[in-house]
Amino acid sequence: MAETRAVSIPETLQKKRIRNQRQRAAGAALLRKRQTAASRRKDIFQRARKYSLEYEAAEKELVRRHREAKKAKNFYVPDEPRLAFVIRIRGINGVSPKVRKVLQLLRLRQIHNGVFVRLNRASLNLLRLVDPYIAWGYPNLKTVKELIYKRGHGKINGSRIALTDNRLVRTTLGRFGIVCMEDLIHEIFTVGDNFKFANNFLWPFKLSCPLGGFRKITNHYVEGGD
(Lines give C-alpha, C1' and ligand atoms only; values in the text may rest on other atoms or scores of the structure.)
Protein backbone atom coordinates (compact mmCIF):
# COMPACT_ATOMS: atom_id res chain seq x y z
CA MET A 1 0.00 0.00 0.00
CA ALA A 2 1.11 3.49 -0.70
CA GLU A 3 1.98 5.49 2.35
CA THR A 4 -0.11 8.61 3.02
CA ARG A 5 1.84 11.59 4.15
CA ALA A 6 0.31 14.48 6.09
CA VAL A 7 0.73 17.67 4.16
CA SER A 8 2.37 20.21 6.41
CA ILE A 9 0.97 23.74 6.09
CA PRO A 10 3.53 26.51 6.47
CA GLU A 11 3.18 28.52 9.64
CA THR A 12 2.92 31.79 7.70
CA LEU A 13 -0.04 30.39 5.72
CA GLN A 14 -1.77 29.27 8.94
CA LYS A 15 -1.35 32.73 10.44
CA LYS A 16 -2.68 34.31 7.26
CA ARG A 17 -5.79 32.11 7.29
CA ILE A 18 -6.46 32.90 10.96
CA ARG A 19 -5.97 36.62 10.26
CA ASN A 20 -8.38 36.47 7.31
CA GLN A 21 -11.00 34.66 9.41
CA ARG A 22 -10.77 37.32 12.11
CA GLN A 23 -11.03 40.09 9.53
CA ARG A 24 -14.11 38.49 7.95
CA ALA A 25 -15.74 38.08 11.37
CA ALA A 26 -14.96 41.71 12.27
CA GLY A 27 -16.29 42.90 8.91
CA ALA A 28 -19.51 40.89 9.34
CA ALA A 29 -19.97 42.30 12.85
CA LEU A 30 -19.38 45.84 11.59
CA LEU A 31 -21.89 45.30 8.78
CA ARG A 32 -24.53 44.03 11.22
CA LYS A 33 -23.87 47.02 13.47
CA ARG A 34 -24.27 49.44 10.57
CA GLN A 35 -27.47 47.74 9.42
CA THR A 36 -28.89 47.91 12.95
CA ALA A 37 -27.99 51.60 13.23
CA ALA A 38 -29.57 52.32 9.83
CA SER A 39 -32.80 50.53 10.79
CA ARG A 40 -32.90 52.45 14.08
CA ARG A 41 -32.41 55.77 12.27
CA LYS A 42 -35.22 54.88 9.90
CA ASP A 43 -37.49 53.95 12.81
CA ILE A 44 -36.66 57.21 14.64
CA PHE A 45 -37.40 59.22 11.50
CA GLN A 46 -40.76 57.49 11.08
CA ARG A 47 -41.63 58.12 14.74
CA ALA A 48 -40.74 61.80 14.45
CA ARG A 49 -42.84 62.11 11.29
CA LYS A 50 -45.79 60.42 12.97
CA TYR A 51 -45.57 62.76 15.98
CA SER A 52 -45.29 65.80 13.71
CA LEU A 53 -48.45 64.79 11.86
CA GLU A 54 -50.19 64.16 15.18
CA TYR A 55 -49.28 67.62 16.53
CA GLU A 56 -50.37 69.26 13.28
CA ALA A 57 -53.70 67.42 13.27
CA ALA A 58 -54.37 68.39 16.90
CA GLU A 59 -53.65 72.05 16.13
CA LYS A 60 -55.94 72.01 13.09
CA GLU A 61 -58.69 70.35 15.11
CA LEU A 62 -58.42 73.06 17.77
CA VAL A 63 -58.68 75.80 15.14
CA ARG A 64 -61.66 74.05 13.56
CA ARG A 65 -63.51 73.83 16.87
CA HIS A 66 -62.88 77.51 17.60
CA ARG A 67 -64.19 78.49 14.16
CA GLU A 68 -67.29 76.33 14.54
CA ALA A 69 -68.03 77.85 17.93
CA LYS A 70 -67.52 81.36 16.59
CA LYS A 71 -69.75 80.61 13.62
CA ALA A 72 -72.47 79.46 16.00
CA LYS A 73 -71.94 82.64 18.07
CA ASN A 74 -70.62 80.60 20.94
CA PHE A 75 -67.34 79.97 22.74
CA TYR A 76 -65.19 76.87 22.66
CA VAL A 77 -63.53 75.95 25.95
CA PRO A 78 -60.58 73.58 25.41
CA ASP A 79 -59.64 70.83 27.84
CA GLU A 80 -57.80 71.83 30.98
CA PRO A 81 -54.00 71.57 30.62
CA ARG A 82 -52.48 68.42 32.02
CA LEU A 83 -48.85 69.57 32.01
CA ALA A 84 -47.15 72.37 33.91
CA PHE A 85 -43.58 73.60 34.11
CA VAL A 86 -42.58 74.79 37.58
CA ILE A 87 -39.57 76.99 38.40
CA ARG A 88 -38.29 77.80 41.87
CA ILE A 89 -37.65 81.53 42.23
CA ARG A 90 -36.87 81.94 45.95
CA GLY A 91 -34.28 80.51 48.30
CA ILE A 92 -34.56 78.74 51.66
CA ASN A 93 -34.64 81.71 54.02
CA GLY A 94 -37.66 81.48 56.27
CA VAL A 95 -39.00 78.31 54.63
CA SER A 96 -41.18 76.19 56.91
CA PRO A 97 -40.48 72.45 57.16
CA LYS A 98 -43.72 71.60 55.36
CA VAL A 99 -42.95 73.89 52.42
CA ARG A 100 -39.37 72.59 52.29
CA LYS A 101 -40.66 69.02 52.13
CA VAL A 102 -43.06 69.88 49.29
CA LEU A 103 -40.21 71.52 47.35
CA GLN A 104 -38.16 68.36 47.83
CA LEU A 105 -41.07 66.25 46.55
CA LEU A 106 -41.24 68.47 43.48
CA ARG A 107 -37.43 68.08 43.09
CA LEU A 108 -36.96 71.84 43.36
CA ARG A 109 -33.98 71.79 45.71
CA GLN A 110 -32.17 74.82 44.25
CA ILE A 111 -33.20 78.26 43.08
CA HIS A 112 -33.90 78.47 39.31
CA ASN A 113 -34.51 74.73 39.10
CA GLY A 114 -37.37 73.71 36.81
CA VAL A 115 -39.39 70.50 36.45
CA PHE A 116 -42.40 69.20 34.54
CA VAL A 117 -45.42 68.34 36.67
CA ARG A 118 -48.53 66.35 35.79
CA LEU A 119 -51.54 68.44 36.82
CA ASN A 120 -54.18 66.79 38.98
CA ARG A 121 -55.90 67.59 42.25
CA ALA A 122 -52.98 66.41 44.38
CA SER A 123 -50.29 68.26 42.43
CA LEU A 124 -52.37 71.46 42.33
CA ASN A 125 -52.68 71.36 46.12
CA LEU A 126 -48.89 70.98 46.40
CA LEU A 127 -48.35 73.93 44.05
CA ARG A 128 -50.69 76.10 46.16
CA LEU A 129 -48.69 75.26 49.29
CA VAL A 130 -45.42 76.49 47.76
CA ASP A 131 -46.93 79.24 45.60
CA PRO A 132 -44.78 82.08 47.08
CA TYR A 133 -41.59 80.22 46.17
CA ILE A 134 -42.34 79.13 42.60
CA ALA A 135 -43.52 80.37 39.22
CA TRP A 136 -45.35 77.98 36.93
CA GLY A 137 -47.32 77.85 33.73
CA TYR A 138 -48.45 75.68 30.84
CA PRO A 139 -45.66 74.94 28.31
CA ASN A 140 -46.38 74.55 24.61
CA LEU A 141 -44.68 72.08 22.28
CA LYS A 142 -41.94 74.54 21.29
CA THR A 143 -41.03 75.16 24.94
CA VAL A 144 -40.89 71.45 25.77
CA LYS A 145 -38.67 70.74 22.76
CA GLU A 146 -36.26 73.58 23.49
CA LEU A 147 -35.96 72.66 27.16
CA ILE A 148 -35.18 69.01 26.48
CA TYR A 149 -32.92 69.58 23.47
CA LYS A 150 -30.99 72.56 24.86
CA ARG A 151 -31.06 72.02 28.64
CA GLY A 152 -31.97 68.35 28.94
CA HIS A 153 -29.91 66.08 31.18
CA GLY A 154 -30.74 62.51 32.13
CA LYS A 155 -30.32 60.57 35.34
CA ILE A 156 -28.07 57.69 34.30
CA ASN A 157 -26.58 55.52 37.07
CA GLY A 158 -27.21 58.36 39.51
CA SER A 159 -25.22 60.85 37.42
CA ARG A 160 -26.30 63.94 35.51
CA ILE A 161 -25.53 63.24 31.85
CA ALA A 162 -26.28 65.61 28.96
CA LEU A 163 -28.72 64.11 26.45
CA THR A 164 -26.56 64.24 23.34
CA ASP A 165 -27.40 60.82 21.90
CA ASN A 166 -30.54 58.72 21.43
CA ARG A 167 -28.60 55.77 22.84
CA LEU A 168 -28.75 57.32 26.32
CA VAL A 169 -32.53 57.47 26.14
CA ARG A 170 -32.87 53.99 24.63
CA THR A 171 -30.72 52.22 27.23
CA THR A 172 -32.67 53.74 30.14
CA LEU A 173 -36.24 54.03 28.86
CA GLY A 174 -36.24 51.45 26.07
CA ARG A 175 -38.35 49.02 28.13
CA PHE A 176 -41.13 51.63 28.15
CA GLY A 177 -41.08 52.08 24.37
CA ILE A 178 -39.14 55.36 24.56
CA VAL A 179 -36.10 54.96 22.31
CA CYS A 180 -35.25 58.48 21.13
CA MET A 181 -35.55 62.15 22.02
CA GLU A 182 -38.75 62.57 20.01
CA ASP A 183 -40.35 59.75 22.01
CA LEU A 184 -39.30 61.47 25.23
CA ILE A 185 -40.71 64.83 24.09
CA HIS A 186 -43.97 63.20 22.99
CA GLU A 187 -44.36 61.36 26.29
CA ILE A 188 -43.78 64.55 28.30
CA PHE A 189 -45.92 66.86 26.15
CA THR A 190 -48.90 64.49 25.91
CA VAL A 191 -48.54 63.27 29.53
CA GLY A 192 -48.62 59.66 28.39
CA ASP A 193 -48.89 56.44 30.37
CA ASN A 194 -45.14 56.39 31.08
CA PHE A 195 -44.89 60.08 31.99
CA LYS A 196 -43.74 59.24 35.52
CA PHE A 197 -40.73 57.24 34.32
CA ALA A 198 -39.85 59.73 31.56
CA ASN A 199 -40.08 62.70 33.94
CA ASN A 200 -38.02 60.97 36.63
CA PHE A 201 -35.38 60.22 34.01
CA LEU A 202 -35.03 63.94 33.29
CA TRP A 203 -32.75 65.72 35.75
CA PRO A 204 -34.29 68.98 37.09
CA PHE A 205 -33.49 71.74 34.60
CA LYS A 206 -30.91 74.25 35.79
CA LEU A 207 -32.02 77.57 34.35
CA SER A 208 -30.48 81.02 34.38
CA CYS A 209 -32.01 84.06 36.03
CA PRO A 210 -34.02 86.35 33.71
CA LEU A 211 -32.24 89.11 31.82
CA GLY A 212 -32.23 92.21 33.96
CA GLY A 213 -33.02 90.22 37.09
CA PHE A 214 -36.30 89.89 38.97
CA ARG A 215 -38.43 92.93 39.67
CA LYS A 216 -40.00 91.84 42.95
CA ILE A 217 -40.19 88.16 43.77
CA THR A 218 -41.91 88.80 47.13
CA ASN A 219 -45.13 89.69 45.29
CA HIS A 220 -47.25 87.38 43.17
CA TYR A 221 -47.40 87.86 39.41
CA VAL A 222 -51.00 89.11 39.59
CA GLU A 223 -49.88 91.68 42.18
CA GLY A 224 -47.22 93.14 39.89
CA GLY A 225 -44.35 90.92 41.00
CA ASP A 226 -42.58 88.00 39.42
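Start by finding valine 86: its bridge partner is tryptophan 136, which sits in strand 3. Keep in mind as you look that this is a predicted model. Strand 1, residues 83-88, and strand 3 pair in the antiparallel sense, over four bridges.

Four strands form an open sheet in the order 3-1-2-6, with antiparallel pairing. At the edges are strand 3 (134-137) and strand 6 (205-206), each of which pairs on one side only. As a reminder, strands of a sheet pair through backbone hydrogen bonds, either parallel or antiparallel. Helix 3, residues 121-129, lies across strand 1, strand 2 (113-118) and strand 3, and runs at about 145° to strand 3.

Next, the aromatics. There are six aromatic pairs in the model. Take tyrosine 55 and phenylalanine 189: their ring centres are 5.8 Å apart and the planes meet at 90°, so this pair is edge-to-face. It links distant parts of the chain, since tyrosine 55 belongs to helix 1 and phenylalanine 189 to helix 6, 134 residues apart.

Phenylalanine 85 lies in strand 1 and phenylalanine 205 in strand 6, so the pair ties together parts that are 120 residues apart in sequence. Both phenylalanine 85 and phenylalanine 205 are buried.

In soluble globular proteins, nonpolar side chains tend to be buried together. Here, the largest nonpolar core has 26 residues, and the members that touch the most others are Phe116, Ile148, Leu184, Ile188, Leu202 and Phe205. Helix 1 (11-71), strand 1, helix 4 (141-151), helix 5, helix 6 and helix 7 each supply at least two residues of this core. Apart from it lies another core, of 15 residues, and Val86, where we started, is among them, as are Val95, Val99 and Leu127.

Which residues does isoleucine 188 contact, leaving aside its neighbours within four places in sequence? Look for Leu83, Phe116, Val144, Ile148, Phe195, Ala198, Asn199 and Leu202.

Helix 5, residues 166-173, deserves a look of its own. Its buried residues are Leu168, Val169 and Leu173. What do the buried residues of helix 5 pack against? Their partners are strand 4 (153-156), strand 5 (159-162), helix 6 (181-189) and helix 7 (195-201).

Finally, check the loop between strand 4 and strand 5, where you'll find glycine 158. At 58% relative accessibility, glycine 158 counts as exposed, because the cut-off for that label is over 50%. Its C-alpha atom is 10.0 Å from that of tryptophan 203, a residue 45 positions away along the chain.

Note on methods. Residues are numbered from 1 along each chain as its sequence is written. This is a predicted model: local features need pLDDT of at least 70, side-chain atom pairs count only at pLDDT 80 or more; totals for chains, interfaces and linings use all residues. Side-chain values use heavy atoms; hydrogens and water are left out. Buried means under 20% relative accessible area, exposed over 50%, partly exposed in between (1.4 Å probe, protein chains only). Contact means heavy atoms within 4.5 Å. Two strands pair if DSSP finds at least two bridges between them. Axes are lines fitted to C-alpha atoms, for helices over the stretch in contact, and angles run from 0 to 180 degrees between N-to-C directions. A nonpolar core is a set of buried Ala, Val, Leu, Ile, Met, Phe, Trp, Tyr and Cys residues joined through side-chain atoms within 4.5 Å. Rings of Phe, Tyr and Trp (its six-membered ring) pair if their centres lie within 6.5 Å; planes under 30 degrees apart count as stacked, over 60 as edge-to-face and the rest as tilted.
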